[in-house]
Structures are given as structure tokens and as C-alpha cells.
Amino acid sequence: MDDGLWERIASLLPVIPRKTHHPGRKRLDDRKVLCGILFVLYTGIPWEFLPRELGYGSGMTCWRRLRDWNEAGVWQRLHETLLAELNAAGALDWSRAVIDGSHVRALERRPKTGPSPVDRARTGSKHHLITEAHGIPLAVSLTGGNRNDVTQLMPLIEAIGPVRGRRGRPRRRPDALLADRGYDHDKYRKLVRDKGITPFIARRGVEHGSGLGVHRWVVEQSFALLHWFRRLRIRWEIRDDIHEAFLSLACSIICWRRLTNLTLC
């Protein structure tokens with residue numbers, strides 16, 4: 001893990017004071033545990049198979065830290081911090097945002113799963129993502145595989161936190177929103193306009209060739225980057241909050257890569 005990324009994460013981690021009476025075994029170093037979490041995210045290996053010889057602690061230790069840090073809001077604040085740095089560097093294009101959803105298979109019926117309409121009604125979940133014009137993730141969410149994309153349109157827009165990094169009021173809204181036919185509904189077009197955003201949504205029943213694909217491909221690229229993390233290709237977690245923690249952490253890593261590419265140029 002890069003030292004720069006670790007410095008940003010370390011500043012967000014809650015401080016756990018050690019007990020003075022009956023302290024017990026010394027708490028494993030946070031950086032080592034984070035490396036174990038990233039190892040699971042990258043490889044998709046089950047928690048119980050995390051090799052102890054790597055020095056990252058047990059899989060259960062890594063799982064508990066991921067849960068605790070997610071409940072403390074570490075991953076969300078990390079994502080906001082990196083977005084602010086990208087915004088300060090002029091890397092965020094607010095002229096338009098792109099939204100889409102992607103199905104992933106889930107092995108069992110768990111919270112935020114459902115029969116997938118694109119996978120013979122097998123149990124699945126759905127990742128919903130909104131990006132800025134270059135494909136940098138602004139917000140992500142998880143629902144059951146049978147949820148319609150349009151139901152997550154407004155929640156995703158609302159999930160975009162205040163992005164700082166520049167003088168003036170933090171930015172929360174893009175100028176325009178691009179979406180495919182799955183979001184075609186006049187009710188939601190009006191709701192988007194009420195937010196001060198111009199909707200460009202392909203309509204059902206008309207020939208293909210709206211021209212939006214020239215700009216919408218960036219969200220597909222972002223999904224490919226998200227699902228490059230093997231742990232996100234299939235919904236393994238029983239608890240939905242653990243899978244959401246992995247999603248938020250993966251979005252932060254994508255933002256960090258964009259940021260490091262800017263400094264190398």
C-alpha cells in the first residue's frame with residue numbers, strides 16, 4: 001500500500017486507547033490489518049483462508065476492523081477527502097455526470113439481494129454508480145438484483161457529498177445527467193430538473209443512436225475498474241454493510257489512482 005494513501009487513511013481511523021487494567025494481547029497494527037483487508041478485496045479469497053504467514057492477522061481480525069471502520073464512517077470520509085483533492089487539482093468535470101447499474105451474482109438470499117432479471121432469476125445484487133464526466137466515482141450504492149435502476153436515481157444524486165477543494169461553496173451537483181433507457185420516466189426527469197440538473201435520458205421505443213453513448217461509456221469503464229477487484233465480482237458477504245464497505249473502499253482506491261496519475265504527469 002502506498003505511503004500517501006496510508007497517511008490519508010491513518011488520519012481518519014478512530015483511536016482505540018489500550019486498557020490499563022488487564023490489557024490483554026496487544027492490538028495488531030492498523031496498517032497490517034488494512035493490508036489484509038486489501039488482500040481480500042483484490043484476490044477475493046475467503047476471510048478464513050487469509051494466510052497468517054503474511055503478517056496481516058487472522059481473517060476474523062480483518063473482518064472486524066473493516067466492520068468497525070465502516071461504522072465509524074472512515075471509508076466515506078476517505079472518498080470525500082480524495083474527491084476534494086481531485087477537485088482542487090481541477091480533475092473533476094462537473095459539466096455532466098453519468099449513472100448506471102450493474103448486476104452481480106449473490107450465492108444466497110441475503111439483505112439487499114433479489115431475483116436477477118438478467119440471470120434467470122438467480123439471486124443477485126446490483127451496484128449503482130454515478131460518476132463525473134471522466135468516470136471518477138462520486139457515489140455508489142447496493143440494492144437487490146430485482147430493483148429497477150430508476151429507483152436509485154435520486155438516492156444516488158443525494159448521496160453525492162459536498163466536494164470541497166476549491167474556493168467558495170462546496171460542489172454537490174453536476175450541470176447535467178446522462179442515463180440510458182432504464183431511467184426513462186418523466187417523473188424522474190422533473191425531479192432531476194428540480195435539483196438544478198439538466199437530464200439527458202434516452203427514451204424507450206425509439207431507434208438506437210441517441211448519441212449519449214459517446215459520453216456514457218465512462219461509467220462502464222468505472223464498473224470494469226470496480227469489478228477488477230475480485231471480491232466485488234460476486235456478492236459473498238452475508239451482511240450488506242460489509243459489501244458496501246468494500247464498494248466504498250474500491251471507489252477510494254480508484255480515486256487515489258487518478259490522483260497519483262496527476263502527480264506523475
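Predicted model: local features only at pLDDT ≥ 70, side-chain atom pairs only at ≥ 80, totals over all residues.
Guide: Let us start with a cut-off: a residue is buried under 20% relative accessible area, exposed over 50%, and partly exposed in between.

Visitor: Thanks! Why is Ala72 called partly exposed?

Guide: Ala72 has 35% relative accessibility, so it counts as partly exposed; the class runs between 20% and 50%. You will find Ala72 in the loop between H3 and helix H4 (74-88).

Visitor: Which residues does Ala72 touch, beyond its neighbours within four places in sequence?

Guide: With those neighbours left aside, Ala72 is in contact with Pro14 and Arg77. For contact, heavy atoms have to be within 4.5 Å. As for Leu138, it is 66 residues from Ala72 along the chain, and their C-alpha atoms are separated by 20 Å.

Visitor: What makes Arg166 count as exposed?

Guide: The cut-off for exposed is over 50%, and Arg166 counts as exposed because its relative accessibility is 52%. This residue sits in the loop between helix H5 (153-159) and strand S5 (176-179).

Visitor: Where do the contacts of Arg166 lie, neighbours within four places in sequence aside?

Guide: Arg166 is in contact with Asn87, Ala88 and Gly90. Ala89 is 77 residues from Arg166 along the chain, with 8.9 Å separating the two C-alpha atoms.

Visitor: What is the phi of Lys112, and what makes it worth a look?

Guide: Phi of Lys112 is near 60°, a positive value in a residue other than glycine. Lys112 lies in the loop between strand S1 (97-106) and strand S2 (114-115). At 35% relative accessibility, Lys112 counts as partly exposed.

Visitor: How is Arg120 placed, buried or exposed?

Guide: Arg120 has a relative accessible area of 75%, so it is exposed, the cut-off being over 50%. Arg120 also has a positive phi, about 55°, although it is not a glycine. Its loop runs between S2 and strand S3 (123-132).

Visitor: Stepping back, how does the radius of gyration of the protein compare with that of a compact globule?

Guide: For 265 residues, a compact globule would have a radius of gyration near 18 Å, and the protein has 20 Å, so the two agree. The C-alpha atoms fill a box of roughly 70 × 50 × 35 Å along the principal axes. Buried residues make up 49% of the 265 residues.

Visitor: How many helices and strands does the protein have?

Guide: The protein has eight helices and seven strands. Of its contacts between residues at least 6 apart in sequence, 65% join residues at least 24 apart.

Notes
Residues numbered from 1 in each chain as written. Heavy atoms only, no water. Helix = DSSP H or I, 4+ residues; strand = E, 2+ residues; numbered from the N terminus. Rg over C-alpha atoms; globule rule 2.2 N^0.38 Å. Buried < 20%, exposed > 50% of the residue type's maximum accessible area, 1.4 Å probe, protein only.
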